[in-house]
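Here's a quick briefing to go with the protein you're about to look at.

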Amino acid sequence: MPHFRSPSKAAEGRNVLAESLVCRESNVADRLVNKRWMQLLAGAPGGGGGGGGGGPEPPVLASYRHSGDAEPSKVWPITRACSVSEVEKGTFHLRVDTSTLVALVAAKYTDVEMHSFTVHFGFSGLFAAEILRLCFADEALAQHWHGQLSGLIRKLERLGSGGSLGSGLLQVPSDLASDQGSTGAGGAGAAPAGAAVAAQQQAAAQARAQAEEERAMRAWQSVRHVNGVAVYAEEEGADGEGGALMVSAIVRSSPQECFEVLMASGGSKSAGMLHGEERVLEVVDKNTQVVLHSFQPGGLVGKLCAPREMVLLRSWRQDADGTYIVLYQSTNHRKARQAKTGLLNWKSPVRAQVQAAGFTVAPLLPRYTGGGPSQECLVTLVMKIDLGGWLSQRSLIRRLGSPLSEALLRAWLEPMLLSVVMLRDKVEQSRFVVRPYSMGDAVEEPADSPRAEAAAPASRKVARTTTFLTYSGRRSQDLRDAQRRSSLEALAAQAARGGAAVVPEDGEWEDGEAEFLDALSGGPSRRASQDGEAAKAAGAAAAAVGAAAAAQAVSGEELAAVREALARQHAREVPEEERWAVQGTAARRYWSCPGTADLRVRGKHYLTDRKKIPAAMPMFDLYSAELVEVDEPMWHMARFLPSVKYCAAPFMFILQLMVPANPPISLTMVWTAPLNPMTESLDTLCAAWPEDENGTVRAFFTNLCEWMQGDGPEADAVRNKKFKLIPRIVKGSWIVKQSVGTTPVLLGQKLATRYFRGPNYFEVDVDITSNTVANSVTSLVVGAITSLVVDLAPLVEGQADDELPERLIGSVRFEHLDLKTAAYLDDESGRIFKNERFGG
């Protein structure tokens with residue numbers, strides 16, 4: 001679309017050839033017109049308003065939303081390639097005081113008879129010409145505009161024979177006029193040789209004028225708007241000059257930062273010239289590299305065409321005025337051999353040639369910076385490229401000017417041109433806490449830092465960090481027969497008496513169980529076998545002892561409590577109908593431990609500097625996830641869960657979310673710990689966990705132990721002010737991510753929350769249905785839950801210096817959770833029944 005938004009008053013220094021109220025046809029729908037004030041303005045001498053150099057400026061057609069506007073909303077250059085159709089009468093839909101969309105959908109327009117003609121902006125470049133239809137209620141006014149435009153275009157056509165365009169009138173160049181005057185003054189007395197010289201001078205002057213006009217007519221023209229950015233093109237001359245494309249965008253950032261992002265080579269979809277992959281083949285020097293670009297558009301075009309690749313010599317510099325310049329030039333390199341192409345290899349990459357390409361990153365003029373560094377820059381991309389293959393400029397299809405080839409060229413080149421927009425968005429959006437490229441990651445930067453210097457650790461799944469006590473409890477639930485359980489009970493009793501734990505020859509023991517017995521007895525677990533396994537057991541015992549010493553060995557009282565818990569577990573028969581649920585009623589494929597989940601928590605000095613830091617690994621280990629369908633929301637779920645009833649862990653932290661669904665769903669998570677914070681001293685707890693450099697362990701238990709103390713409404717009210725949950729949508733739609741966010745939520749302040757204490761667990765139940773907003777947001781999440789990846793992390797808010805920095809209690813990740821696989825709780829019998837779609 002050959003129009004652009006004018007940065008200055010269009011009529012300054014120009015003659016107004018015509019102006020009136022005109023109805024312009026919409027680009028969206030045929031025959032739908034809206035009123036605009038328009039002016040036809042003659043050309044103007046060059047000089048940029050300062051009387052300096054520069055070619056003449058072409059005539060323009062300017063459109064204003066209102067007659068009193070100082071600036072036009074759109075401007076169309078008039079060139080000799082334009083044409084005007086004849087005036088004709090027809091019926092049009094006049095839109096009044098409504099948007100185009102409303103006018104189309106609700107038919108809010110008036111049918112009127114109008115006289116119209118069409119202006120064709122003929123352009124021989126890559127993009128199709130725009131057609132602009134102008135409509136008039138009065139036929140005489142339509143003929144007046146038609147005559148002015150037609151006459152102006154005819155004058156421009158005559159300029160091709162040597163005229164120059166100043167104020168829109170045909171003028172004779174000054175050097176040509178002086179030559180003609182000299183010839184006339186000589187008259188008949190002049191020698192024939194003098195006449196020949198004069199004729200040569202006249203011909204030379206005409207040639208110079210024609211060349212100047214050719215260069216003027218190849219000035220940049222706005223040929224298309226894509227995503228709100230104007231694409232400019234240079235018309236290609238007969239000699240092959242011109243034909244480049246250009247895009248500019250203002251970036252609200254320093255030139256240096258913009259340049260750094262431009263030059264970053266991340267391997268895929270960088271912010272450079274191409275929306276594709278970039279690989280550095282060779283570093284020539286500190287300002288020169290050889291790079292390989294591979295790219296291919298999406299959709300149907302990507303399936304029809306082979307990929308393109310370019311081997312480019314990329315160099316850059318910074319000029320004295322602060323402008324960064326990055327230049328690209330096609331080259332060859334030994335690491336990028338050109339692939340064979342043809343009908344048999346039609347999907348092999350085709351080598352494209354960059355005939356001219358480069359970026360400029362220009363700072364503001366000094367008078368606009370206030371004496372400081374420029375905080376804005378203008379990024380401009382200029383390029384001329386031959387895509388090769390049947391899209392090459394020399395191919396027959398291109399020479400015939402096929403509409404298909406033009407459409408294919410646009411599909412290839414527009415993403416490359418709009419890399420300027422991608423660069424702008426990437427630089428500008430990096431200043432914000434939540435960004436479209438990483439929605440869900442809330443990053444709070446230090447106040448004295450202009451931007452994040454280092455990203456938080458990448459999200460990753462971590463191996464189970466369960467200590468040997470909890471791990472033993474988990475693995476022991478998989479014992480397949482009573483003999484194995486009774487044997488383990490006997491061994492535990494033997495270990496309690498101080499004897500060595502000897503494993504029978506036919507015992508098939510898990511490594512975690514043997515390690516657990518080693519820790520109980522203080523000696524190695526040995527099989528009474530004939531194959532020499534004693535050495536292996538001794539090595540395992542040494543490793544266990546070393547680990548225990550590193551963790552500041554557990555006290556005798558703690559070992560006794562663990563022995564008792566283990567004995568209770570294995571003395572009890574797990575009913576066959578509940579064995580499937582001892583590791584959770586949610587299928588294992590749906591949940592995992594994401595570790596820190598790239599979350600941020602309050603730092604040591606948060607109360608004064610308000611800074612958050614990357615979270616450390618959760619203190620407790622993810623043990624199970626429960627997905628249970630209930631007839632109505634059920635408080636105190638731990639009473640019914642087999643994973644809680646048959647777990648030998650000294651302590652469990654349980655969080656139940658009552659999810660609004662039909663029927664209601666209980667989503668429960670269980671985290672375990674090797675010591676019970678409700679019964680152990682602060683020093684004992686701190687000794688069992690290795691302290692980190694930030695001192696999070698002591699702060700965590702100082703906060704948690706005090707938070708869990710007490711019962712009754714007053715204690716619960718205190719707990720409500722500190723318990724919070726951090727949600728994070730790792731994968732999901734924009735709407736869901738925006739709705740959920742990543743801000744920690746004090747659940748007890750917004751939702752009905754109750755707390756329950758058991759002998760070895762502490763449970764927090766949250767009724768999401770108790771709040772309308774939370775109910776609505778959760779319903780949105782539930783509706784798309786099978787397509788989401790969601791992280792959840794509970795913690796107790798640090799509100800005093802000795803409670804900081806914060807530490808996560810635990811974390812869990814749900815991936816594409818299917819609520820239809822939920823187990824069912826019969827509240828009368830208290831039994832949980834397996835869903836046939838559970839699948840393990």
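How many helices and strands does the protein have? There are 22 helices and 36 strands. Keep in mind that this is a predicted model, with a pLDDT that averages 73 for the protein.

- A pLDDT of at least 70 is reached by 63% of the residues.
- Residues 1-8 have a pLDDT below 50, and the model gives this stretch 33 contacts beyond near neighbours in sequence.
- Residues 123-129 also stay under 50 in pLDDT, and here the model has 23 contacts beyond four places in sequence.

**The overall picture**
- The protein has 840 residues, and 46% of them count as buried.
- Looking at contacts with a separation of 6 or more, 64% come from residues 24 or more positions apart.

**A closer look at helix α19**
- Helix α19 covers residues 713-720, and its buried residues are Ala715, Arg719 and Asn720.
- Why do these residues sit on the same side of α19? It's because they cover an arc of only 140° around the axis.
- Turn to the face away from the buried side of α19, and you'll find the exposed residues Pro713 and Glu714.
- The cover over the buried residues of α19 includes the helices α18 (696-708) and α21 (747-750).
- Strands are part of that cover too, including β29 (723-731), β30 (745-746), β31 (752-757) and β32 (761-767).

How values were computed:
Residues are numbered from 1 along each chain as its sequence is written. This is a predicted model: local features need pLDDT of at least 70, side-chain atom pairs count only at pLDDT 80 or more; totals for chains, interfaces and linings use all residues. Side-chain values use heavy atoms; hydrogens and water are left out. pLDDT is the predictor's confidence in each residue, from 0 to 100. Contact means heavy atoms within 4.5 Å. Buried means under 20% relative accessible area, exposed over 50%, partly exposed in between (1.4 Å probe, protein chains only). Helices (H or I, at least four residues) and strands (E, at least two) are DSSP runs, numbered from the N terminus. The arc is that of the directions from the helix axis to the C-beta atoms.
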